[in-house]
Amino acid sequence: KAHRSMPARRPVLKVVARRTSDSCPFLNEELAFELCPGEVVWLRGASGAGKSYTSLHLAGLAKLPGAEIHMEWDPSVAAAQRIGFLFQKGVLIDSLSLATNLALAAEAAALPADSDAIAAALEAVGLSPSADGSKMPGELSGGMLRRAALAQILAQRKRVVILDEPFVGLDPPVAGEITALLKRVAAEHGISLLLISHMAERAAALSPAATVSLERARPEDGDAARQDADLSGLRFAVRASRRFADYFFISAPLIAMAFAATGAALSMLLADMLQRVDVVRIIATFLTRYLAGNPALPLILQLVDGVVKQNEAAAKRKLYALAIGSVFTIELGPLLTALLLAGRIGGSYAGDVAMMASTSQVDLLKVLGVGPTAWTFLPALLAGGLSLFEPDSDSASALAPTRHAADD
């Protein structure tokens, strides 16, 4: 239900959501609210009631299950300037400085991305273009990161901003500053705010013009049968086997395709080289040089020409088979396999560790007294070793028929 505390001005966006099936996370048969310039609408409800799903649907980032949502925009609002999203704790591109993040946002919206526009956006949220513009996201505090993310939204001139738990993790004084900042920015820029927050006191401080309450459709069932938790992930062998399945079975098709492509290229190159080789001419040149003046030279050259032409095709086929078997299967095959697997394993492991570091999982392991290296690297090392061993065995077995063919 929505309860307005002041007369509505011309809305920027009208939203109507209707429940269509039991997969909908909220019980409300219909939700309806309007977002007007400078006003705040508070979307509240218990965890799992669909607040985040609804907001992500409005932003085009997800689809709300079991519901139909109708959005009616003010025709004067350009599509590129409709909705901005302030994620929990603020999100920026880690590899770009604060100023570059804002420039990226402005360019994406086809808006000015010069230093003056960037400085104006930073100053609007209380940040200094000279002191803060060159900082990387990792150097910013929680409050500064919220300000920077809001500045990025301002750089795109968004008319509606979704605030996903904007006060989470902030100290009360900093949360108060962010509250005041949001109220000021909304009023000065005519921005409509859709607030998602469990913090009633902070939400009330934003003076919401409407409150929309969602009723959770699936409350916890206290009478449900107790199921034993699966603790197999604690075992080293299980973790190593999961990584092995990831490394080997995902890499195997890539290795097979690489082998096929390299083998085809090598075989065509070798066949072309053998086709270009004129064995008779080479032998004739050699004999002419070392038997110059010998009266029997013409007869020798005639005999060589006949013998070589009779056996040249068979000799080239055997040379071709030996070269493919030796160069590709013995020399190039294992090297190609090792390079591909090393890249796959290294990339996967680096991604896992980076994700764990960015979400403080590595610090959690240290606090728990679990060695991060033993937990992450050793299973990966064992799985990588097994993955490298398997293709080598396959290469060795594949070599056998090639050798037999060459011997024949």
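Which residues have the most contacts inside the largest nonpolar core? This tour of a predicted model, in which local features need pLDDT of at least 70, side-chain atom pairs count only at pLDDT 80 or more, and totals for chains, interfaces and linings use all residues, begins there. Residues are numbered from 1 along each chain as its sequence is written, and side-chain values use heavy atoms, with hydrogens and water left out.

Select Leu102, Leu182, Leu193 and Leu195: these have the most contacts inside the largest nonpolar core, which has 38 residues. A nonpolar core is a set of buried (under 20% relative accessible area, 1.4 Å probe, protein chains only) Ala, Val, Leu, Ile, Met, Phe, Trp, Tyr and Cys residues joined through side-chain atoms within 4.5 Å. Helix α5 provides nine residues, the largest share of this core.

Next, select leucine 193. Apart from neighbours within four places in sequence, leucine 193 is in contact (heavy atoms within 4.5 Å) with residues including Leu35, Val161, Leu182 and Ala186.

Now display helices α2 (residues 98-108) and α5 (residues 142-155), whose axes come within 8 Å and cross at roughly 30 degrees. Helices are DSSP runs (H or I) of at least four residues, numbered from the N terminus; axes are lines fitted to C-alpha atoms over the stretch in contact, with angles from 0 to 180 degrees between N-to-C directions. The two helices, α2 and α5, are therefore roughly parallel (angles under 35 degrees). On the α2 side, select Leu98, Asn101, Leu102, Ala105 and Ala106; on the α5 side, Ala148, Ala151, Gln152 and Ala155.

Finally, select serine 55, in helix α1 (residues 51-58). Serine 55 counts as buried because its relative accessibility is 0%. Beyond its neighbours within four places in sequence, serine 55 is in contact with Phe85, Ile162 and Ile196.

Note on methods: Parallel < 35°, antiparallel > 145°, perpendicular 65-115°, else oblique. Buried < 20%, exposed > 50% of the residue type's maximum accessible area, 1.4 Å probe, protein only.
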